[in-house]
Amino acid sequence: MNVYDSERMTGLLRPLGYSPTANPDEADLVILNTCHIREKAAEKVYSELGRLTEVKARGGKIAVAGCVAQAEGKEIKARAPQVDLVFGPQSYHHLPELIAKSAREAGLALETDFAAVEKFDALAEGRQADGYAAFVTIQEGCDKFCTFCVVPYTRGAEVSRGTDAIAAEVRDLAAQGVVEITLLGQNVNAWRGAAPAGATQDSLGLGGLCRHLAQIDGIERIRFTTSHPADMDDELIAAFADEPKLMPYLHLPVQSGADRILKAMNRRHTADTYIRMIERIRQARPDIAISGDMIVGFPGEDEGAFEETLALVEAVEYASCFSFKYSRRPGTPGATLPKQVAEDIKAERLQRLQALLERQKQHFNAQQVGKILPVLFEKPGREAGQLVGRSPYLQAVFAPLPDHALGQIVPVRILSTRPNSLEAAALDVAA
Ligand code: SAH
Ligand code: SF4
């Protein structure tokens, strides 16, 4: 979502005469688009700020955007006086005014109000597609309040963007050559919207929205991220069964495999309901790949609880999974729980979990060898005469193909695996 937001900010600044530079030292304006999810990400902001000495020396401006801006507001100025602008994730569309304000007035230009709906459409306006795959924000915020997580505080309550506005943006992207869209939201499967004109039902969930967008000419692939297990409804599962444009890949974070820990995390599901949910989804779409997120070392997690997490991972068999050491975030209920886990134990558990997840990922990739997969080729590859694209399962696939295959979905035969990609051969057309 931050990548998407950064792209939209770039688009918004273009008409003002700004263009991106690879060298921050020569910039007139540096925007750090920040993440507050774990302490390490938030602290990185201050070390980056310390490095931006040239910008100020040359009279440039420094801005902090995103969730650290939202959470820390004007306190950022106290720790880093060189900062000129601070604005939260719901204020990006006001960037031109904020820059003007900062040029006009001394002191900090600050904006941390919530206005998600207004922002969705303001950012989409006049959007220029960049390539064949595009992100589209359809939802922001979260009402789940997992006890470890800052998102409900930094991104605000769950807000859904309107069906017609989403369809208009997707139509516009398709007209510019976009083939694949990824619908974005912190809690994307909580999306609800009005049914489009002529539909029999009154409202749509995410499954209905995917079917609606699948009818847009030129759109061949639809993905979405990130989902919460409690919001996986029947409509969405059914869409996996019978909407071929919905890609067979689902990111469904679980966080832990121990019910006691899931309860303390306020996750609203148990290990068993999660596993049964995955089984139902696999029944609907047998070739689906599952990815997830895991946290080790949440307060109260003992060796037994951690082993339950390993057992859940064994049961699910992830194609890919992110895993993190629990990070104590100020203001969240988890931060004040007793039985915080020592850092060295978290590190040791993370290593064991990641070894298992890596084996599962390599196993999943190896299963593709010999198969023919449809790949959307997006860019030139590492070598001449080669292109790289994405399989239905988000794997990077390299294949010898001519440039005119760019932007097309081409079936290729998977030959071998590399640590982070697959090698494929073009099919012999005559065969
Ligand atoms: N809405 C998404 C997740 C958003 S945050 C969801 O519920 O799945 C992305 C991931 O960061 C989470 O899934 C979680 O695994 C991790 N995360 C969030 N807060 C964390 C914390 N305090 N410490 C460690 N990992 C955290
Ligand atoms: Fe955070 Fe996701 Fe839980 Fe919301 S559902 S509080 S974003 S982890």
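Buried means under 20% relative accessible area, exposed over 50%, and partly exposed in between (1.4 Å probe, protein chains only). This is a predicted model, in which local features need pLDDT of at least 70 and side-chain atom pairs count only at pLDDT 80 or more, while totals for chains, interfaces and linings use all residues. Residues are numbered from 1 along each chain as its sequence is written, and side-chain values use heavy atoms, with hydrogens and water left out. The structure holds 25 salt bridges, a salt bridge being a side-chain nitrogen of Lys or Arg within 4 Å of a carboxyl oxygen of Asp or Glu.

**Glu7 and Arg8**
- A salt bridge joins the side chains of Glu7 and Arg8, at 3.8 Å from N to O.
- Glu7 counts as partly exposed because its relative accessibility is 32%.
- Arg8 has 7% relative accessibility and therefore counts as buried.

**A pair within a helix**
- Asp272 and Arg276 form a salt bridge of 3.1 Å, N to O.
- These two residues lie four residues apart in helix α13 (residues 271-284), so about one helical turn separates them; helices are DSSP runs (H or I, at least four residues) and strands likewise (E, at least two), numbered from the N terminus.
- Asp272 is partly exposed at 42% relative accessibility, and Arg276 is partly exposed at 46%.

- The closest N and O atoms of the salt bridge between Glu423 and Arg382 are 3.3 Å apart.
- Glu423 lies in strand β19 (residues 421-426) and Arg382 in the loop between β15 (372-380) and β16 (386-390), 41 residues apart.
- Glu423 is buried at 14% relative accessible area, whereas Arg382 is partly exposed at 49%.

**A network**
- Salt bridges link Glu303, Glu307, Glu348 and Arg352 in a network.

Terms used: Chains lettered and ligands numbered in written order.
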